[in-house]
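Morning, everyone. I have one structure to walk you through today. Please bring it up on your screens.

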Amino acid sequence: MSTENGVIYRISGPVVTATGIAPRMYEVVRVGNEGLMGEVIELHGEQSVIQVYEETSGIEPGEPVIRTGQTLSVQLGPGLLTQIYDGIQRPLPKLEETMGVFITRGVDADGLDLTKEWEFVPTVKVGDELSAGHVIGTVQETETIEHRVMVPPGKEGVVKTIESGSFNITQTVCKLEDGSEIAMMQEWPVRHPRPFVQKYAPDVPLMTGQRILDFLFPLAKGGTAGIPGPFGSGKTVTQQQLAKWSDAQIVVYIGCGERGNEMTEVLDEFPHLIDPNTNKPLMNRTVMIANTSNMPVAAREASVYTGVTIAEYFRDMGYNVALMADSTSRWAEAMREISSRLEEMPGEEGYPAYLSSRLAEFYERAGRVETLSGEDGSVSVIGAVSPPGGDISEPVSQGTLRIVKVFWGLDAGLARQRHFPAINWLSSYSLYPQALDQWYRDNIATDFPEVRTEISTLLQIEAELQEIVQLVGSDALPIDQQLTLEVARMIREFFLQQNAFHDVDTYSDLKLQYDMAKAILNFQEEGKKAIAGGAQLEDVVNVPARTDLMRGRFEEGYDGRIEGLVAEMSKQIAASMEEN
Amino acid sequence: MSGKEYRTITDVKGPLVFLNKTEPVSYNEIVQLRLSDGSIKNGQVLDTSDDQVIVQVFEGTASVDRQTGVKFLGDVFKLPVSKGLIGRILDGAGRPRDGGPEIVADDMADIIGAAINPYSRQSPESFIQTGISAIDACTSLVRGQKLPIFSASGLPHNDIALQIARQAKLVGSDDDFVVVFCAMGITAEEYNFFVHDLERTGALENAALFVNLADDPAVERLITPRLALTAAEYLAFEHDYHVLVIYTDMTNYCESLRQIGAAREEVPGRRGYPGYMYTDLAMLYERAGLVKGKKGSITQFPILTMPGDDITHPIPDLSGYITEGQIVISRELHQKGIYPPINVLPSLSRLMNAGIGPGKTREDHKSVSDQLYAAYAQGKELRGLVAIVGEDALNERDLQLLKFADIFEDKFLRQSRDEDRSIDEGTLDLAWNLLSNIDTKFLVRLDQKWIDKYHPGEKKGEEE
């Protein structure tokens with residue numbers, strides 16, 4: 001290993017220039033007397049430019065810089081789940097132990113507990129031929145998740161010995177004939193995607209329990225989605241809802257340059273929330289990365305890569321992983337800040353010219369794949385974008401929209417009306433429905449795609465009618481169009497609005513979503529009949545059973561009662577016709 | 001570090017001094033400049049290398065020449081802190097401004113401040129009653145929150161900030177707030193207004209003031225809020241105080257930031273503000289909160305004036321992405337003569353849900369707040385429609401909502417400058433009274449059980 005010593009020549013914020021060493025690009029170096037962690041990001045003649053992951057106040061030119069020969073890597077193995085890390089995989093609880101509540105610097109911490117022993121259960125035997133990615137044994141990491149220990153990429157051979165029992169993650173559990181040893185922990189450089197055999201087309205939906213998302217703008221397992229929106233439009237709440245309720249087996253949540261209190265909220269809440277799929281705390285399947293806005297900017301840049309590498313690792317075990325990045329704009333700003341310190345020629349709005357290629361590389365690490373061991377695993381990536389002033393013509397939004405297949409457009413106007421989730425149903429889109437329709441027909445209802453189309457058509461018609469209403473008032477419309485407006489209002493208020501803070505309304509499974517959509521169409525149909533038979537619109541709209549149907553969604557056991565409520569509504573609407 | 005004085009200034013540009021130097025100087029180190037007339041200026045190292053050091057001079061570079069002596073003090077900027085800060089008025093660089101003695105330091109605190117470990121934070125969830133209905137009902141404030149006031153020139157943001165400072169209290173608790181007030185580039189007149197009001201109400205004895213006025217050096221504004229927050233952290237986390245930090249005006253702070261960026265010939269971001277402004281602002285705003293194992297808290301009320309009333313301007317925009325909501329002051333309401341002219345629609349408190357509800361405010365709070373918003377938003381939208389088609393074209397529901405928007409502004413938002421409304425009778429009951437102007441069947445955001453319990457016309461079980 002090359003360990004040369006150099007010295008600091010210049011310091012400008014998080015960027016330090018060193019002379020006297022000849023490191024490789026992206027090599028990790030130790031900077032200054034305190035040995036702060038940094039990464040080489042530019043070579044310039046005699047000088048190496050380093051981004052430092054910790055605060056640089058008080059560092060002087062002339063202090064040492066030492067090569068490590070390593071690139072920025074994460075430790076992968078049992079112990080990742082339930083953990084909360086900073087951007088360079090230092091466990092935050094560990095940092096609290098060593099430096100108290102304020103994050104000071106110069107403290108190293110392993111990403112994983114190297115001493116903790118885990119019960120290793122082998123799944124291979126002596127003489128088996130192994131290749132990279134092959135599962136050699138399992139560890140029950142949390143109540144719900146079985147950690148599959150794999151042969152690290154690059155190793156293969158015939159099993160010479162295999163252990164069983166309690167081991168820490170650095171101890172050898174398997175020896176190969178060629179003498180190489182395998183422990184439960186492996187390391188992987190974060191800037192390199194982990195290998196797989198092939199990518200599949202995504203044809204299974206990622207269920208989130210959020211009606212507007214699952215029903216109108218679904219994301220596939222292994223797909224990519226972008227959520228741009230101005231501040232206060234509910235990006236973070238939406239991201240958190242996805243982290244809570246999506247039916248991925250593993251969730252990696254990256255709080256990238258966001259608020260400290262928000263991360264605390266997640267930390268407080270997740271251990272108490274129950275995963276509707278396993279009935280165990282959500283924390284059991286979650287890895288969190290928190291590099292808040294006031295933590296060092298270079299570590300913010302790295303946090304996204306740290307997160308996606310951990311996600312890929314669980315994917316390689318054959319799990320479906322959902323990765324949330326909140327917010328990719330802060331990540332892009334970290335790149336901008338460092339780029340400007342490097343005095344690089346800026347692209348649009350001061351962002352570096354490589355912004356869009358970095359975004360593309362990141363989202364490209366999503367996908368449903370055949371893993372090296374032949375399993376089926378996926379990483380779905382959901383990136384929040386925080387466009388300045390809510391204007392999505394800016395570079396980060398545009399760079400994101402060119403790549404992602406699902407666009408959930410948050411709308412400040414809806415947020416102001418307290419219509420949550422404030423996702424605009426007219427501007428949002430998903431390119432996955434075609435690929436997913438067969439799944440819906442097979443698993444939910446044969447007419448699912450048709451019902452969805454009817455609902456979205458009604459919303460489209462409403463938008464057109466609203467333009468007329470703006471000019472002439474709703475009373476001037478013919479009665480059937482007035483009914484359409486009422487139906488659309490029902491879609492908005494009853495179906496699309498969903499209260500993330502309400503115990504029951506926060507999650508609807510897909511079957512219930514379908515039933516609710518059908519209930520709306522049923523109202524439309526019965527309403528039409530009644531009006532044709534001479535009923536007043538007012539009477540049709542105001543039947544008490546409809547109010548019961550709509551308010552009912554806040555009560556436990558709604559999925560069992562909805563059918564009865566719909567029948568009652570139909571009866572009352574029919575009765576309103578007879579009154580006239 | 002040596003007390004050597006260098007006379008190696010090569011360039012002076014705006015607030016920056018460039019010098020060749022001989023010995024290593026550390027990043028962010030503080031610097032003293034001795035001018036030929038003997039006067040002293042202070043600065044801080046912004047960039048350091050073997051060949052050149054760039055120093056930002058807080059007091060501006062007037063009269064600096066090549067003969068000026070530059071001394072590196074071997075330490076980063078620190079504030080002497082002690083409980084004695086309470087009741088004192090300091091200038092923008094932390095020196096006494098009230099004619100009193102120097103602060104006797106119990107400790108010297110680094111003003112940059114370290115980031116709080118997100119894992120060590122405690123969730124803010126104690127409701128602060130401000131006595132202002134618009135805030136308490138719709139954008140409820142909690143202890144440990146950072147909630148800026150987005151205002152614009154000519155609007156009464158200072159009155160609102162002061163009213164909050166006067167009235168803020170935790171329901172059912174006697175703990176008082178200590179106010180740390182930080183002025184950045186405000187006029188002497190505004191400053192006097194604040195001081196007089198704090199004096200009048202006796203709050204001055206419970207406050208620490210850091211003051212940089214409009215005619216004080218602009219670059220100094222970059223450290224003033226850091227001093228204030230350092231004092232706040234010390235009082236909150238070493239002495240268990242609940243600290244309310246009011247700083248005004250963030251727009252002036254950002255202007256100074258831009259000035260430094262321009263002088264360093266940095267690549268500018270939007271509207272000439274530096275690309276790192278988000279991170280820089282976060283280093284201030286994120287110093288709010290509560291930490292595990294400490295009793296004290298820091299709640300922040302930054303005030304910023306939106307240039308051209310534009311909420312998408314980089315200053316309010318970046319602030320809004322960091323702070324936990326915002327209170328937006330509306331010129332339209334102000335011109336209608338409504339005080340406080342808080343436009344609740346774009347206003348928001350992100351921590352509200354953690355701070356309200358049974359045991360904290362009242363069980364119906366969330367529903368009532370949602371309903372107020374929805375009804376007011378729709379009513380306001382209808383005003384636009386009425387202007388085109390007239391009221392005759394509206395149906396019954398729309399008419400009621402239209403009327404409600406007026407009532408809401410007149411009865412709910414409007415209150416006097418010293419009216420301190422309690423959350424339950426003063427604010428929520430008032431809201432129910434006003435909502436009863438709308439037919440119950442249109443109040444779709446309200447749970448039936450709250451209607452049964454609180455609606456003045458529908459109350460069950462409590463009729464005589």
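I'll go from the interface to the sheets, then to single residues and backbone geometry.

First, a caution. This is a predicted model. Keep that in mind throughout.

Let's start where the two chains meet. In chain A, 74 residues are in contact with 78 residues of chain B. Together the two chains bury about 6600 Å². Carbon and sulfur atoms give 52% of that area. Which residues of chain A lose the most area to chain B? They are Phe231(A), Asn261(A) and Arg418(A). Those three make up 13% of what the chain A side buries.

Now the charges. How many salt bridges does the rule find across this interface? One. Arg10(A) forms a salt bridge with Asp47(B). The closest N and O atoms are 2.6 Å apart.

Look at what Glu324(B) touches. From chain A there are Arg259(A) and Asn261(A). From chain B, the contacts of Glu324(B) include Lys146(B), Arg350(B) and Leu351(B).

On to the sheets. Chain A has an open sheet of four strands, in the order E11-E14-E16-E17. The pairing is antiparallel. Strand E11 (129-130) and strand E17 (181-183) of chain A stand at the edges. Each has a single partner strand, so one side of each is left without a neighbour in the sheet. Zoom in on one pair. E11(A) and strand E14 (residues 157-162) of chain A are joined by two bridges, in the antiparallel sense. There, Leu130(A) stands opposite Gly157(A).

Chain B has an open sheet of three strands, ordered E14-E13-E16. Its pairing is antiparallel too. Here the edges are strand E14 (141-142) and strand E16 (169-170) of chain B, each pairing on one side only. Strand E13 (residues 127-129) of chain B runs antiparallel to E16(B), with two bridges. Ile128(B) has Leu170(B) as its bridge partner.

One more strand in chain B: E8, residues 78-81. Its side chains alternate. Leu79(B) and Val81(B) point to one face and are buried. E8(B) is joined by four bridges to strand E10 (residues 107-110) of chain B, running antiparallel. Leu79(B) is bridged to Ala109(B).

Now the surface of chain A. Ile468(A), Leu471(A) and Val472(A) form a nonpolar patch there. Their accessible area together is about 260 Å². Leu471(A) belongs to helix H11 (residues 448-472) of chain A. Leu471(A) is exposed, at 57% relative accessible area.

Next, Met207(A). Find it in the loop between strand E20 (205-206) and helix H2 (211-216) of chain A. Among its contacts are Trp245(A), Trp439(A) and Leu510(A). Met207(A) and Thr161(A) are 46 residues apart along the chain, and their C-alpha atoms are separated by 42 Å.

Last topic, the backbone. Where are the cis peptide bonds I want you to look at? One runs from Asp326(A) to Ser327(A), with omega near 10°. Ser327(A) lies in the loop between strand E25 (320-326) and helix H6 (328-341) of chain A. Another joins Thr248(B) and Asp249(B), with omega about 5°. Thr248(B) lies in strand E19 (residues 242-248) of chain B. Thr248(B) is buried, at 3% relative accessible area. Its contacts include Phe181(B), Cys182(B), Phe194(B) and Ile303(B). Asp249(B) is in the loop between E19 and helix H5 (250-263) of chain B.

Finally, positive phi. Ser63(B) is not a glycine, yet its phi is about 75°. Ser63(B) is in the loop between strand E6 (52-57) and strand E7 (69-76) of chain B, and counts as exposed at 54% relative accessibility. Glu265(B) has a positive phi as well, near 55°. Glu265(B) lies in the loop between H5 and helix H6 (277-285) of chain B. It is exposed, with a relative accessible area of 60%.

That's my tour. Over to you.

Conventions. Residues numbered from 1 in each chain as written. Chains lettered and ligands numbered in written order. Predicted model: local features only at pLDDT ≥ 70, side-chain atom pairs only at ≥ 80, totals over all residues. Heavy atoms only, no water. Pairing = 2+ DSSP bridges. Patch = residues over 30% accessible without salt bridge, like charges linked within 9 Å, V, L, I, M, F, W, Y side chains within 5 Å. Areas by Shrake-Rupley, 256 points an atom, 1.4 Å probe, with all protein chains shown as cover. Salt bridge = Lys/Arg side-chain N within 4 Å of Asp/Glu carboxyl O. Buried < 20%, exposed > 50% of the residue type's maximum accessible area, 1.4 Å probe, protein only. Contact = heavy atoms within 4.5 Å. Buried area = accessible area lost by both parts, 1.4 Å probe. Lists of a residue's contacts leave out its neighbours within four places in sequence.
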